[in-house]
Structure formats: structure tokens, C-alpha cells
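Please find below my note on the model. The points run from the whole chain to single residues.

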Amino acid sequence: MTDVLKLWPLLTATHRYDKSISTRNRGQGTLIDAPILAFLIETRQGRVLFDVGCDYAKLSDPLLRARWFDPVEFPMGPPEMTEEQRLPAHFARHGLTPADIDLVFLSHLHFDHAGGLCELCGCDVHVHEAELAAARAQADDAYFADDFAGEHHWKPQRDEYELLPGLRAINTPGHTAGHMSLLIELPHGKPVILAGDAADLSENLVDEVAPGLCWQDREDLALASIRKLKATAAETDAAIWPNHDMAFWRTLRRFPEYHA
């Protein structure tokens, strides 16, 4: 039995960048528009948020934007994010406040997945312990130290585990040191695997192409995680949801509709 009741995808920003950032050694010179997603999961035991998007202040304040997205030091460039795409605005549409989120599950700590932690207050934050260590060591340029420097209720994890009935963490390292994906058993539909950045695009899954950025260039780890997700999907009859695929995002139900 699953404790999951409803699943909502939340569009928190969009980002235009070179496709090779999502598909390793493929797509250089082609620009794509990618959604930056979070997912709100309502369960019998409270509300879980998968990833939290970007820090709005770093994108809206000209001084902070210039500091964190310097075009020389960060050639990927800044995402585009509106006030309506901030987490509190999403929560308000659901009749919620940040205080109504009970648990945050972070796939990893890159700026577009962990920056929105500043919008949450007092909930437990689950992340892989290897990911937290890599982020604090600034393992790559997509970790913004300010995003995870606050007094958060960290709950570092190591082994695969069940957050609660119907939510299971899957270790999928490769893109980053401690990347995790999440298997969600819905009450009616087929299970869903939120891939996180283990698979940015459907292409990563279909063609088994690693993300452009791999921790310590461990393409082998990234490919093993893609194959692990596909094997898990086959075993559980789950659908794998890529994380930055605009065409796929457009197929998902949006509030007030939901997946269940």
C-alpha cells in the first residue's frame, strides 16, 4: 500500500543552454529550452517536495545576478524565473505556505535544484551524504555555496531507503557524487520515477547518453545509473520522468490537475 495521494509537477524556471550540457559529447552548438522542475507530493503522512529550483534573489537582484552568473566564470548563463514561479507562489495556489512542507528530498545540490531552500522553513532536508560533501568541497561550478550554507535540518542518507510507504530513494550517482532519484507509487496510475539529472532528456534514456557534466568525468557511473533506472522501471512497470525535457514537461498535468 502506498501513502502517496497526489503528485504535482511545478515549473520553477526555464533555462536556455547548449544541448551538450544535457547530452555528453552530443548536440554542441544547439540551444535548447529546458524546464527547471520541482515536484509536490501529497501523502497521508504530510507533504514532500522533490527539489526546490533556483534562488530567486540571485536571478532578480542585478548585483547578485552579476556575482553568481558571471558570463566568464559561468558561461552556461542564468535561467529565467518569474515571481509566479517561486515556490511560495506555487504553494499559495495550493492553499499552502512554506511551513506546510514536511520534508524536502533533493536529488542533488546544484543551483537549479537546491537554490530554493531559502524559501522553506524548518522542514527536514534529505540528501545523500556524498552529495553534501561534494557540494561543500565545490566539486564543480554548478554548486553555489550560498544555497546550502543556511541552518537547514539536514538528514544525510547513504543507502537506498523508503522515505515512507510509496516513496523510495534510488542511488543514481554519476552526474554528481551523491545524486538520488525517487520512485513514487501512485494510488491509481502506474509508478513514476523522478530521474532528477540522472536523465535530463528522454534522449538520455532512449540512447543511453550520459549527462554532459559528470562527477570527476565518471561517465561510466552516469551510464550505470541510467541503466539502473531503466531496469527498475521494467521491474516495477514505472514511467521514468526526465528532468529538463521541455517536450516531456508539456505532456504532464498541471495544477489544478494532478497525477494520482
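1. Basis. This is a predicted model, in which local features need pLDDT of at least 70 and side-chain atom pairs count only at pLDDT 80 or more, while totals for chains, interfaces and linings use all residues. Residues are numbered from 1 along each chain as its sequence is written, and side-chain values use heavy atoms, with hydrogens and water left out.

2. Overall form. The protein has eight helices and eleven strands; helices (H or I, at least four residues) and strands (E, at least two) are DSSP runs numbered from the N terminus. Along the principal axes, the C-alpha atoms fill a box of roughly 50 × 40 × 35 Å.

3. Of the 260 residues, 56% count as buried; buried means under 20% relative accessible area, exposed over 50%, and partly exposed in between (1.4 Å probe, protein chains only). The protein exposes about 11100 Å², and carbon and sulfur atoms supply 50% of that area. Accessible areas come from the Shrake-Rupley method with a 1.4 Å probe, and for residues only the protein chains shown count as cover. Taking contacts between residues at least 6 apart in sequence, 66% join residues at least 24 apart; contact means heavy atoms within 4.5 Å.

4. Largest pocket. The largest pocket has a volume of about 360 Å³. Among its 19 lining residues, Ile 21, Phe 74, Met 76, Ala 142 and Leu 213 are the closest to its centre. By class, the lining comprises eight nonpolar, five polar and six charged residues. Here Ala, Val, Leu, Ile, Met, Phe, Trp, Tyr, Cys and Pro count as nonpolar, Asp, Glu, Lys and Arg as charged, and the others, Gly among them, as polar. A pocket is an open set of points on a 1 Å grid over the protein atoms alone, with protein on both sides within 12 Å along at least five of seven lines; a cavity is a set where a 1.4 Å probe fits but cannot get out, and lining residues have an atom within 4 Å of a point. Grid points are joined across faces, edges and corners, and a volume is the space filled by probe spheres set on the points.

5. Second pocket. The second largest pocket holds about 190 Å³. Its lining includes Arg 67, Asp 70, Glu 73, Phe 74, Asp 140, Asp 141 and Phe 144. The classes are five nonpolar, one polar and five charged.

6. Cavity. There is one cavity of 30 Å³ or more. Cys 54, Asp 55, Lys 58, Leu 59, Phe 69, Phe 111, Phe 144 and Asp 147 line the largest cavity, giving five nonpolar, no polar and three charged residues.

7. Backbone. Most residues other than glycine have a negative phi, and most peptide bonds are trans. A cis peptide bond joins Phe 255 and Pro 256, with omega about 15°; Pro 256 lies in the segment after helix H8 (246-249). Which residues other than glycine have a positive phi? Asn 25, with phi near 60°, is in the loop between strand E1 (4-18) and strand E2 (31-43), and is exposed at 61% relative accessible area. Asp 51 has a phi of about 65° and sits in the loop between strand E3 (46-50) and helix H1 (56-60); at 0% relative accessibility, Asp 51 is buried.

8. The loop between H3 and E4. His 94 is in the loop between helix H3 (87-93) and strand E4 (103-105). Is His 94 buried or exposed? His 94 counts as buried because its relative accessibility is 17%. Not counting residues up to four places away in sequence, His 94 touches Trp 8, Leu 10, Leu 40 and Phe 255. Thr 97 lies in the loop between H3 and E4 and is partly exposed at 41%.

9. Phe 148. This residue is in the loop between helix H5 (129-136) and strand E6 (153-157), and Phe 148 is buried at 5% relative accessible area. Leaving aside neighbours within four places in sequence, Phe 148 is in contact with Leu 109, Ala 135, Arg 136, Gln 138, Tyr 143 and Trp 154.
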